Amino acid sequence: MRCHDFPKLELPVFSSAHAHFICKMAAVQGGLVDAVEEKTIKSEPVADATANNSANDARAPSSSPGSGVSPGVNKPAAGAAEDQQTLLAVLQFLRKNNLSESVEILRREAGLPEDSLDQKGGDSTGTGLGGPEADGRTDAGSLLSRVTVSSSAPLKSGKVAVAEDQPDVNVVLSAYSQQGDPALYEVYYSGLKKFIETVLDCHRAELSQVFYPLFVHMYLELVYNNHENKAKAFFEKFSGDQECYYQDDLRVLCSLTKKEHMRGNETLLDFRTSKFVLRISRDSYQLLKRHLQERQNNQIWNIIQEHLYIDIFDGMPRSKGQIDAMSGSLAGEAKREANKAKVYYGLLKEPEIELPLDDEDEEAENEEGKPKKKKPKKDNMGSKSKKQDPNAPSQTRIPLPELKDSDKLDKIMNMKEATKRIRLGPDNLPSICFYSFLNAYQGLTAVDLTDDSSLIAGGFADSTVRVWSVTPKKLRKVKSAADLNMIDKESDDVLERIMDEKTASESKILYGHSGPVYGISFSPDRNYLLSSSEDGTIRLWSLQTFTCLVGYKGHNYPVWDTQFSPHGYYFVSGGHDRVARLWATDHYQPLRMFSGHLADITCTRFHPNSNYVVTGSSDRTIRLWDVLNGNCVRIFTGHKGPIHALAFSPNGKFLASGATDGRVLLWDIGHGLMVGELKGHTDTIYSLRFSRDSEILASGSMDNTVRLWDATKAFDLETDDFTAATGHIHLQDNSQELLLGSYMTKSTPVIHLHFTRRNLLLAAGGYNP
Amino acid sequence: MHTSLMADREERRFAEVSRESIKLMAESAGVELGDDVAGLLAEDVCYRLREATQSSSQFMRHAKRRKLTVEDFNRALRWSNVEAICGYGAQDALPFRSVKDGELYFVEDREINLVELALATNIPKGCAETMVRVNVSYLDGKGNLEPQGTVPSAVQSLSDDLLKYYQQITRAILGEDPHLMKVALLDLQSNSKIAALLPYFVYVISGVKSVSHDLEQLNRLLHMVKSLVQNPYLYLGSYVRSLVSSVMYCILEPLAASINPLNDHWTLRDYAALLLSHIFWTHGDLVSGLYHQILLSLQKVLSDPVRPLCSHYGAVVGLHALGWKAVERVLFPHLPAYWANLQAVLDDYSVSNAQVKADGHKVYGAILVAVERLLKMKALSLSQPVEGGSSAQVGSTMGSTGYRVSSPGLSPPPEPLTEAALGIASHLQAGGSGCPWEEWTPVPLPAMYSELYSFFGDSLAVRFSTGPGKGNYAPCNPSQVSNSRKEPSGATSNPDTTRKMPQLTANLNISPRQDGSPRMDPSVARASSVQRSRSSSSRSGQRSTGLSRDVFPKARFTPPQTGPPVFSFLIGGRQMGRRCQGRRPFQTTFAPSASLPIPPRAYTHKLPVIGRVGKPVRRWTCSHYSLHLPL
């Protein structure tokens, strides 16, 4: 297994705080799952937050944050008791794997007494670690088993405490062991079913939510206790009752008929380790509770107690439609509390750049070369005029790189283009240009366009990344070092002189990955390109030299997506290991790790203000993470399939998401609510994009169509306080009204969409004859 | 790997590897398995397979594909630390075979002869380079621009604005208001945003067949063609063919309107022929072989005696418009045969034949004009092979080659003297098998002249400005002919070329200046005259009128020493200057023919006759003025 040798190599250079990381690696290995893992991840953001805050306070006003950003990971947050426990767990793990040297180093750095480990080890191995060690090893070999983390959302702590000293799958599973008569399971279940079918209509829909998690847990109990045939019969009898959107999970479940299979099955672990969340009104809950207690149906009651989290609210029970809109995720709905945190979704104040009247002024500015003098002025201006959006984060909440002169030029260009922008609307739809990738036999897996639409890049299944210039301007490399020495550095056109004319070509191929390139992203300044690949790495390429600059390792499993921050410097990635990572281009270690998803992270996007990232996952949830402290601030449920496309509206207020279920869901970030559902596509949606002024939402899909939706109308709704407070939404089915157009391609799946600065819609895809 | 699928039970969620298969596999590996062990193994194998399939589907989803590939499965295997399976990566479907007896199913795995493969001569070509191509798929969110070349039937798929424009324009052009039509034509000629409407306009124009009774409408449609052709923003593409066929219809078909002798369909044919040449010279390169096709269809009409004379007239005029080479190649060889027919018509003095005879005279006149220019151009081309370069240069600088013949009404603007002068010449060659210089040996000029002279007699000589001055004209004296020809042509051609350039533009305009035609709809006249008036036509028109006065005095004074023929020249010149009717030999020769001692040639006796029927001709000529810009 790949990660076996990784800790060995890297460990000596780690500081103690890197223990989090090692721990993660260890968990990846398979055996160690729940408790330790959870703790490290929970503690890390805290440490980061304090570290980063202090860094901000100290540095941001004085020096340039671009160079001053320090990865919070490096700051050890010593002293916390739970942190020490984490360390102990790590040491224990290391020792278990005979990494004695590492143990020594870590212990010394952490300043722990030598016997501390033994004590700790003594009381935990007795229960959990001794026997399972072998199992852990075999698990490592089992298919795709890896880190399983429960939600880092605030409400998790109760469970954490219980599981803390039992960091093993077996222990986790053993919760299933002490059950009653398997023959009665069907009776129990059908008894409950009968009851729920006879309750008042208003309660029935709510109580029906219990069916699915109950069904799954009962089935798993049967399997765990080796009642294979009983389990099969149980499945046969009741699987048809489940909601159709659980079909995928049921398929996985029914393939699982042996206790041995349960070990290493991620779906199962998800079920076991995270509580399935149900939202039920108090009345309905009382009804259910009374029924179960009257019947003395302890079997079901136990399951509900142990494996379900019932989020009780006061008020009207929800309707079937309301429930269906929000359910579908792997672990039920989001808890209401999960979406209560304040999100600063407003946009950062644009740096004030005056449009030069003519180019000479611009030249003069550049030649003076005194950005330092100008910069503080602008900063002062920014802080003085407090008129900025109340929902926007402070300018310095996240240290952002300073604007370079070229960035300013680009912004000026952008503004100039914006004045020529076409105002779109239902009566004025954008023209669509399609970039077809021809002869892409190797398989086109990812596409990105630069913001100014001058370059297009494709990631391919044959591990290559190809960059094309879509303007007449050819791509040129910078001259070699020897040649660079020869040029006159004082000349005005030095930037032109450094380019090697001989290398001019329409496209360049970047070699370096060893697996399909699934994610690709241009830096906003067009100097860099990021690519993430199945080989577990993210690579940073220079578009000046067309060479690889850095390979970021850390995911160790396929990295499904990556994206640059809109301000550059930072980027986010997510992959098969279920952890999204925040990186800075000049750090080879991630700055933040966002863990909480129960399945692969399939796509990642930065919020326009760079303070948040959003991740979509195969667990059918969307999570919004705060870059500053690593907290998960929003969990959106409602999709019925893996999410493959995400897009923030340019004003930062809304989010659109598309999934394999062919639906686009619209979310209000501030209120944490679903505000719309766009039905129409018949296959996976791979790309979403808002027009530059947010009037139109374009969606591109595997069904070979681009569809345009009236975003203005879709978001034109008032959120009353009641809805905001309860999170109970009433979605009207107005997809047909909102659909402005549906445009067929020529058997080409649409995998990328882009609005030019003048609102021309560009679509891209590989032609599949 | 040979997998046998058990299909015994009814409802089966998954493919399963049967216990027997496991046993078989174990046996092949030399291991004997018990039933229960095999059963357990089988179940586990199934489960692992399902698991691997499940995770491989993830790779498929992220590769944005619908088809699960072997590659995906291998990736899943690799990530679960299982060895990948090799040899199944080919794109082609694998043949799946079964063996009845053993209930075995397996993928066929043939042996490959590596030596043969290595030494194979058909080395597979590398696949084409991956590239990105962009196309505008939807303009303003509407209408797919893709299907070109076909004429869509429904106008409804256009955007509202375009639809409105289309309706307004067609209504204006085909409507009553001459002023509106003028404006519409002008806009059609200069609007840069009507590319999407082109198919619809072409479609409208192709409606010529349905209005063949209405000269007025035909005329308007032809004007529409002209506007489209002149619009610099339109790429006509393959629509050229459709436009040409509509124009050819107007030239060649016995239009319903021509039943009534009072209808001036001749003018329409002249105009259409001019338009044809214009389309051809400017857009001929868009459709390959167009020139040849046109020639063929003209020839077909000409050689078809059943066709009415007006069709023949159209063919002759069309050939003339396409240039003297077309005349030489098609009309000239065909002339002897045709002449017999024509003569029969002309010789019939019966009252019932009067109308046909009048038509015959039109054809006669058209042929005369055509062959005259043929002779002139041929002489010119023979006399100045060296100057070809200069004329070509002039031509290219002016956008079209020199035009130096005295029939401004009809001749096509660009007429390359030398073969290699312009692209058109190459078109002539490229136009299929009929390359005139290879297959068809040109008749030498003297022979040609003598033959033509035998048909036309002095009515030809009048135009030719050669020999007759020397007294007894010896038609078969080549040296004399060529000598005498060289002189005037050499002297006049160059100044002619340069000076007559303005005629060219004026000619292209086809805008009537002196509206003398009672039949001519003033709207047509004004509309077409407006077309260029702002920019150039007024000036160039002026200049050209001045020029023509220039030219002919000169012609008048060059040959004075030659005596009698002066007459003819004078008359011809006056006529040219006044009416620009070079094409009409009837009037030209009318006056002098009586006084001239004409050598008794084969057909000269016709001339007075022709002159006598001048009345109706005169009216036609008048209307003719209105359409063709006089010099």
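How many of the residues of chain B count as buried? Of the 631 residues in chain B, 50% do, where buried means under 20% relative accessible area, exposed means over 50%, and partly exposed lies in between (1.4 Å probe, protein chains only). This is a predicted model, in which local features need pLDDT of at least 70 and side-chain atom pairs count only at pLDDT 80 or more, while totals for chains, interfaces and linings use all residues. Residues are numbered from 1 along each chain as its sequence is written, chains are lettered from A and ligands numbered from 1 in the order in which they are written, and side-chain values use heavy atoms, with hydrogens and water left out.

Chain B is built with 24 helices and four strands; here helices (H or I, at least four residues) and strands (E, at least two) are DSSP runs, numbered from the N terminus. Take the contacts (heavy atoms within 4.5 Å) in chain B between residues at least 6 apart in sequence: 70% of them join residues at least 24 apart. The chain exposes about 29,600 Å², and carbon and sulfur atoms supply 57% of that. Those areas come from the Shrake-Rupley method with a 1.4 Å probe, and for residues only the protein chains shown count as cover.

Now for the place where the two chains meet. The size of an interface is often given as the accessible area lost when the parts come together. For chain A and chain B the buried area is about 4,800 Å², with carbon and sulfur atoms giving 54%; this is the accessible area (1.4 Å probe) that the two parts lose on being put together, summed over both. On the chain A side 68 residues are in contact with 42 residues of chain B. Ten residue pairs, both at pLDDT 80 or more, are in polar contact between the two chains. A polar contact is a pair of N or O atoms within 3.5 Å; within protein, one must be able to donate a hydrogen and the other to accept it, and residues adjacent in sequence count only if both atoms are side-chain atoms. Several elements give two or more residues to the side of chain A that touches chain B, among them α14 (228–238), α15 (247–254), β3 (432–438) and β29 (739–744) of chain A. β3(A) gives the most, with seven residues.

Side chains of opposite charge can pair when their charged atoms come close. A salt bridge here is a side-chain nitrogen of Lys or Arg within 4 Å of a carboxyl oxygen of Asp or Glu, and the structure holds 46 of them over all chains. Three cross the interface of chain A and chain B. One joins Arg75(B) to Glu534(A), at 3.2 Å from N to O. Arg75(B) sits in helix α3 (residues 70–79) of chain B and Glu534(A) in the loop between β11 (528–533) and β12 (537–542) of chain A, so the pair joins two chains. Both ends are tucked away: Arg75(B) is buried at 5% relative accessibility, and Glu534(A) is buried at 4%.

Within chain B, Asp35(B) and Lys23(B) meet in a salt bridge at 2.3 Å, N to O. This pair links distant parts of the chain, with Asp35(B) in helix α2 (residues 35–62) and Lys23(B) in helix α1 (residues 19–28), twelve residues apart. Asp35(B) is partly exposed at 42% relative accessibility, as is Lys23(B) at 28%. Asp44(B) and Arg48(B) also pair up, their closest N and O atoms being 3.7 Å apart. These two both lie in helix α2 of chain B, four residues apart, about one turn of the helix. Asp44(B) is partly exposed, with a relative accessible area of 29%, and Arg48(B) is partly exposed at 29%. Elsewhere, salt bridges that share partners tie Asp410(A), Asp451(A), Asp452(A), Arg526(A), Arg692(A) and Arg757(A) into one network.

Asp410(A), a member of that network, belongs to helix α23 (residues 405–419) of chain A. Asp410(A) is buried, at 18% relative accessible area. Leaving aside neighbours within four places in sequence, Asp410(A) is in contact with Pro524(A), Arg526(A) and Arg757(A).

As for cysteines, a search of the whole structure finds zero disulfides over all chains, a disulfide being a pair of cysteine sulfur atoms within 2.5 Å. Cys632(A) is buried at 11% relative accessible area, and Cys310(B) is buried at 7%.
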